[in-house]
Amino acid sequence: MGLLYANDGKPQLPVLIVGGGPVGLVLAILLNKQGIKCSIVEKTSRHSRHPQAHFINNRSMEVLRKIEGLVEDIESLQSSKDLWRRYIHCTSLTGTILGSVDHIRPEDFEKIVSPVFVGHFSHYKFTALLLKHLQKLDFQVYGSEGMDCTSHEPLRGGEILMGHEFVSFNSIDRGISATVSFLKEGKPIERNIQCSILIGADGAGSIVRKLMGIDMKGVRDLQKLVTIHFFSKDLGHYLLRERPAMLFFIFNTQAIGNLVCHDLKEGEFVLHVPFFPPQQNLKDFTYEACKKIICNLAGRSILDLKIVHVKPWVMDAEVAEKYISDDNRIVLVGDAAHRFPPAGGFGMNTGIQDAHNLAWKIACVMKGITPGSILHTYEIERRQIALFNTALSLVNFGAVNEVASELGVDLYAAKLVHRIFNYTLGSILPIVVQKKIWDGILKIGLAQLSKYILNENNPIGLSRLAKVRNIFDDGRSIQLLYPAEDLGFRYLEGALVADNDNEVNAPRVPSRYRRDYVPCADPGSRLPHMNVKVLSNLDEEPISTLDLVSGDKVEFLLIVAPTKESYLLARSALEVFGEFKVELKVCVLWPAGTMNINEKETKVALAPWNNFLDVVEIKRSDNSLSWWSTCEMTEKGGILVRPDEHIAWRVKSSCMVDDPKLEMKRVCSTILLGLKSDYFS
């Protein structure tokens, strides 16, 4: 879709994305694939090379498969999984291992529940790959000096404007007028950009959210930390040989820290250490001070240490009160809408899945398929998931603290002591004195990790070490993989038709234990994965059922079996979707081992429509469940899938539908127009 036009005749960009991080870039690609023009403004003049997020979970990798070649690029560039499958708790990188967990099971590699596995790929490398793919789509990157930004010509779509900071907006007829500021020859200049929809993808400190007047609700200031980004091939090669892992949780009398191994071969690391201002100041973290901390936690000297960046950050667990504002014309995604503790890696992943949910709905609005109110289903669906992921991240943070607490250095207690100190002695003593006292308090606390206490000859140490071992033996330590939450999350309401409007589904309770994903075809669930072969191309490799859903247009998918009742349902669906001017593809799924499949049967049954596909299921073994058994449905059932691969509606048996055409009108009206399900009753 090209430029739109306001009532005054001025051309208007369909979508302006504020924020050029991974979530904004993924959204831009998905919108482009749907035929919706968009542009991006990013306040920094160049993207950060700080690693930040690094874990891409299973569902996000499935979303990224829709971007041609992207997952293959990630898998070819990331380190071998054997180098990052473990978390290790230890006294130093060369010291005693308190607990070690291998998070990857043999069956995880077999792609039973998903056509792709998780990824470990640093934020800045991921951003660079996304930019590369956008440039393949004819997006152009401009700095404030690289194009005539003072021009009043509208953006045409496909521009990525670096060094352009979003500063304000005004509502105009049919859209938003956004003001961005940039430097031209050292002088600040402002430019107005008119758009139909404004996306706030500008991170945890979102200006878009603040200007919308939307509050964040949750737990603030869980912990203050300092991040040290550094390189050392010496350390990386040591860990490659001796104890490769993704994360190290390190506890000793000199320091406590969490080391993220972004790339052992290149020796790239990020160390997180607790931070207690104002007694500690960022200026205290000089090169020599950082080197001392790193070497103390490593338990060895490091010959080639290169510190790239040191910065403070605050851990929060909050979700925006709402995601949509200004008559459906301003939308929040990613960290602008939610911020989690990093435990579990749900931050960037939740944002990527926000973008996937939102893209097809924006395309529906821009193409006139649905009213703008469908964007409210984005908020309904995704905010529910963000609230759950916030709670799960807090549980995971608690799992990290439980190990520390059993060792005698409770992180919550340290924060409480620091707060009391600030309100008492800290309010009256000079900062120099405060600093000395606080350093002494920290040393007393860290003394609990002394080898004289933490050993099996000391009754206290013996008890503490036994409790820590029990945490690992019981599976209560922090996990890397969360299959049930990653693939099994379900929208309970939104752009879908529930099986039973009176049914109340109790929300799942977050758990620190790994829970396996159980395939489910309930409305709101992700479509289960199974390998199938296209009958017209039996010589080709199998594809996933997820691949049956188009990523290039707004197209729904109806999966049925080759039965008389199912063909009747499919004909009614094709007719009704045509009336709603929405594309629908019918997939006729034949059982494994079916003999003498007549490909003409579907063609005759669905004529004159030709947007259909015959596939046959590929069972992993004779004992594997069939597709319909996996979905807990009969072979006369039907599953309607949205463009984001989530199930919009299903019927367990087409015999249950008395009037297929009326039922499909009810389904389309509920999903696309937001009418209540009882509208047609």
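Predicted model: local features only at pLDDT ≥ 70, side-chain atom pairs only at ≥ 80, totals over all residues.
Visitor: Let's start with β14. Is that strand mostly covered or open?
Guide: Strand β14, residues 247-251, is mostly covered, with five of its five residues buried.

Visitor: Which residues sit on each side?
Guide: One side has Leu247, Phe249 and Phe251, while the other has Phe248 and Ile250, and they are all buried.

Visitor: OK, and how does β5 join β14, parallel or antiparallel?
Guide: Strand β5 (residues 86-90) and β14 run parallel, joined by four bridges. Across that pairing, isoleucine 88 is opposite phenylalanine 248 of β14.

Visitor: What about β15, how many bridges there?
Guide: Five bridges, and the pairing of β14 with β15 (residues 256-263) is antiparallel. Leucine 247 has valine 260 in β15 as its bridge partner.

Visitor: Switching topic: what's the strand order in the open sheet of seven strands?
Guide: The order is β22-β21-β25-β24-β23-β26-β27, with mixed pairing. At the edges are β22 (543-544) and β27 (647-651), each of which pairs on one side only.

Visitor: Which way do β23 and β24 pair?
Guide: Strands β23 (residues 555-560) and β24 (residues 583-590) are parallel, over six bridges. There, phenylalanine 556 has leucine 584 in β24 as its bridge partner.

Visitor: And which strands does helix α14 touch?
Guide: Helix α14 (residues 564-579) packs on the sheet and touches β23, β24, β26 (638-641) and β27. Its direction makes about 165° with that of β24.

Visitor: Where does helix α17 lie?
Guide: Helix α17, residues 660-673, lies across β23, β26 and β27, and runs at about 160° to β27.

How values were computed: Residues numbered from 1 in each chain as written. Heavy atoms only, no water. Buried < 20%, exposed > 50% of the residue type's maximum accessible area, 1.4 Å probe, protein only. Helix = DSSP H or I, 4+ residues; strand = E, 2+ residues; numbered from the N terminus. Pairing = 2+ DSSP bridges. Contact = heavy atoms within 4.5 Å. Axes fitted to C-alpha atoms, helices over the stretch in contact; angles between N-to-C directions.
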